[in-house]
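Trainee: I would like to go through the side-chain contacts of this protein with you. Could we have the structure in view before we start?

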Amino acid sequence: MSRCSISQDGPIARLSLGGPLDAALVADLAAACETLAQADTEAGPRVFLLTADGSTWAGWGPDPPGALIGDPFGPLAALPQPVIAALKGGVVGGGLELALCADIRIAGADARFAILDPHAPSFPIAGGLQRLSRTIGRSRALELSLADHAVDAAAALTWGLVSAVVPDPLAEAERRAGVIAARGPVATRLAKEAVRRGVELPLDQALRYETDLTVLLQATDDRAEGVRAFIEKRSPRFRGS
């Protein structure tokens, strides 16, 4: 039985994980992401909410799945749609490596973050250091990875590890998902692609890549619908094409 469930409410889908973070859960997540990546652009979800229970965010279980060393959460990071994670409690080791694959992270005031997992080897096993350094910078990543302590939600916000700290992270994640879902799905996917790919490229190549995506967007039906809606002073009806 899968411990990764998908539920969709209009253009917003919720990806819910349950139970300890182990090889079985990673496999379930990969299968779910493969299904979601192939979803129809028009009827499929435009944004995802990622939620998990405390045992998942708490990191790998007592017997970390060494066979998954590399990028086991890559399918989540590669989803074309934006992913918003709602985080509460301890987000540790593999749990933080999982959270780093989301595009936007919303934390509760009780959230605590550590890349060192007390149940795993002292070195992250799922690519966490690479995503961490790209998210908060080399100095902060080294501080967090070399220190034997967690940082609280306030520090995580200052460092850029999370986008907001709120009393109810799920409610805020749902609010932001609604804002994103109202935009053209092609534009949001291309924006995510521009940032995801561009950060890995030299600046001149990244600028050319962004220009190519802009030209691609101009030829879409959604772009034409946006112009018509503006002229007719109405809300656009984007179809994802």
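Trainee: Which residue does Arg175 meet in a salt bridge?

Mentor: Arg175 meets Glu172, with N to O at 2.8 Å. A salt bridge here is a side-chain nitrogen of Lys or Arg within 4 Å of a carboxyl oxygen of Asp or Glu. Please note that this is a predicted model, in which local features need pLDDT of at least 70 and side-chain atom pairs count only at pLDDT 80 or more, while totals for chains, interfaces and linings use all residues. Residues are numbered from 1 along each chain as its sequence is written, and side-chain values use heavy atoms, with hydrogens and water left out.

Trainee: Where do Arg175 and Glu172 lie?

Mentor: Both are in helix H8 (residues 169–181), three residues apart, which is about one turn of the helix. Helices (H or I, at least four residues) and strands (E, at least two) are DSSP runs, numbered from the N terminus.

Trainee: Which residues are linked with Glu172 in a network of salt bridges?

Mentor: Arg175 and Arg176 are linked with Glu172 in that network. The side chain of Arg176 meets Glu172 at 2.8 Å, N to O, and these two residues of helix H8 are four residues apart.

Trainee: Is Glu172 buried or exposed?

Mentor: Glu172 is buried, because its relative accessible area is 15% and buried means under 20%, with exposed over 50% and partly exposed in between (1.4 Å probe, protein chains only). Arg175 is partly exposed at 48%, and Arg176 is partly exposed at 23%.

Trainee: How many salt bridges does the structure hold?

Mentor: It holds six. One of them joins Asp103 and Lys192, whose closest N and O atoms are 2.9 Å apart. This pair links distant parts of the chain, 89 residues apart: Asp103 is in the loop between helix H4 (94–99) and strand E6 (104–108), and Lys192 is in helix H9 (residues 185–198). Lys192 counts as buried at 10% relative accessibility, whereas Asp103 is partly exposed at 36%.

Trainee: Changing topic, how many aromatic pairs does the structure hold?

Mentor: There is one aromatic pair. The ring centres of Trp60 and Phe73 are 5.8 Å apart and their planes are at 10°, so the pair is stacked. Rings of Phe, Tyr and Trp (its six-membered ring) pair if their centres lie within 6.5 Å; planes under 30 degrees apart count as stacked, over 60 as edge-to-face and the rest as tilted.

Trainee: Are Trp60 and Phe73 buried or exposed?

Mentor: Trp60 and Phe73 are both buried.
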